[in-house]
Amino acid sequence: VCAGLVLAGQGLWIHAKAFLAQILLDRAFDQSVASGAIVKPWSWLDTYPAARIEVPRLGKSAVALEGASGQALAFGPAHVAGTPAAGEEGTAVYAAHRDTHFAFLGEMRLGDEIKITNREGITARYRVTGPDIRRWDGSGIDPAAPGRHLVLATCWPFNAVASGPLRYLVYAEMVQEGMRKID
């Protein structure tokens, strides 16, 4: 019984930490956009808010951190190092855990809109072109591909208890760039 309570508590802590971190990340991201400076949500974080990812049809939104380290992914989605930022030439990749911030990826449909707003307040709009399931070491994603592409990545399958080698990838193509957010 005690072991069960500990495991349940750990599971609840992961979700609570992810939820509370997004509140602080959202505030820091808004301050970054307003000031033009990097604003960290808490002093000891070794990264910073880089973008806001929104999926309007599903009512989902999350602030992504720069660099997909284990620490960053504990608090939210993260921009994968070595890939361009959303809106830039090539393939931007953002990753998050399947049981928290990217749990909704399985609900996405062809043609869904994805908005990525950067720290300068510029929003790039994408349309989903399709999902795929690949091994983590064989995704075939080319960060330098011609055009402006986006991949949202998470572990697969969604309901697995342990991590495995498969990743669920949602591909999207840019449909509009350079839209400045007006408050």
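This is a predicted model: local features need pLDDT of at least 70, side-chain atom pairs count only at pLDDT 80 or more; totals for chains, interfaces and linings use all residues.
Biologist: Let me start with the term itself: patches are made of residues with over 30% relative accessible area and no salt bridge, like charges being joined within 9 Å and nonpolar side chains (Val, Leu, Ile, Met, Phe, Trp, Tyr) within 5 Å. Which residues make the nonpolar surface patch of about 300 Å²?

Modeller: That patch is formed by F19, L20 and I23. Accessible areas here come from the Shrake-Rupley method with a 1.4 Å probe, and for residues only the protein chains shown count as cover. Residues are numbered from 1 along each chain as its sequence is written, and side-chain values use heavy atoms, with hydrogens and water left out.

Biologist: Where is I23 found, and why does I23 count as partly exposed?

Modeller: I23 belongs to helix 1, which spans residues 2-35; helices (H or I, at least four residues) and strands (E, at least two) are DSSP runs, numbered from the N terminus. I23 counts as partly exposed because its relative accessibility is 33%, the scheme being buried under 20% relative accessible area, exposed over 50% and partly exposed in between, with a 1.4 Å probe and protein chains only.

Biologist: Stepping back, how many helices and strands are in the protein chain?

Modeller: The chain has two helices and eight strands, and along the sequence they run in the pattern α-β-β-α-β-β-β-β-β-β. Of its 183 residues, 41% count as buried, and the accessible surface comes to about 9600 Å², with 59% of that belonging to carbon and sulfur atoms.

Biologist: Which residues of the largest nonpolar core touch the most other members?

Modeller: Y94, M108, I114, I116, Y126, L150 and L152 do, within a core of 24 residues. Strand 1 (49-55), strand 4 (90-95), strand 5 (113-118), strand 6 (122-135), strand 7 (148-155) and strand 8 (166-180) each contribute at least two residues to this core. Strand 8 gives the largest share, four residues. Apart from this core lies another one, of eleven residues, which include A21, F29, W42 and F75. A nonpolar core means a set of buried Ala, Val, Leu, Ile, Met, Phe, Trp, Tyr and Cys residues joined through side-chain atoms within 4.5 Å.

Biologist: What is M108 in contact with, leaving aside its neighbours within four places in sequence?

Modeller: M108 is in contact with V55, R57, L58, I114, V128 and V170, where contact means heavy atoms within 4.5 Å.

Biologist: Switching to charges, how many salt bridges does the count come to?

Modeller: By the rule above, the count is six. One of them joins the side chains of D26 and R52, at 2.4 Å from N to O. This pair links distant parts of the chain, since D26 sits in helix 1 and R52 in strand 1, 26 residues apart. R52 also forms a salt bridge with D30, with 2.9 Å between the closest N and O atoms. Here again distant parts are linked, D30 in helix 1 with R52 in strand 1, 22 residues apart. Together, D26, D30 and R52 form a network of salt bridges.

Biologist: Is R52 buried or exposed?

Modeller: R52 is buried, with a relative accessible area of 9%, whereas D26 is partly exposed at 30% and D30 is partly exposed at 37%.

Biologist: Last topic: where is the place of T154, and which backbone atoms does the side chain of T154 reach?

Modeller: T154 is in strand 7, and T154 counts as buried because its relative accessible area is 2%. A polar atom of its side chain lies 2.7 Å from the backbone oxygen of A96, and the T154 side chain also reaches the backbone nitrogen of R98 at 2.9 Å. These are polar contacts, meaning a pair of N or O atoms within 3.5 Å; within protein, one must be able to donate a hydrogen and the other to accept it, and residues adjacent in sequence count only if both atoms are side-chain atoms.

Conventions: A salt bridge is a side-chain nitrogen of Lys or Arg within 4 Å of a carboxyl oxygen of Asp or Glu.
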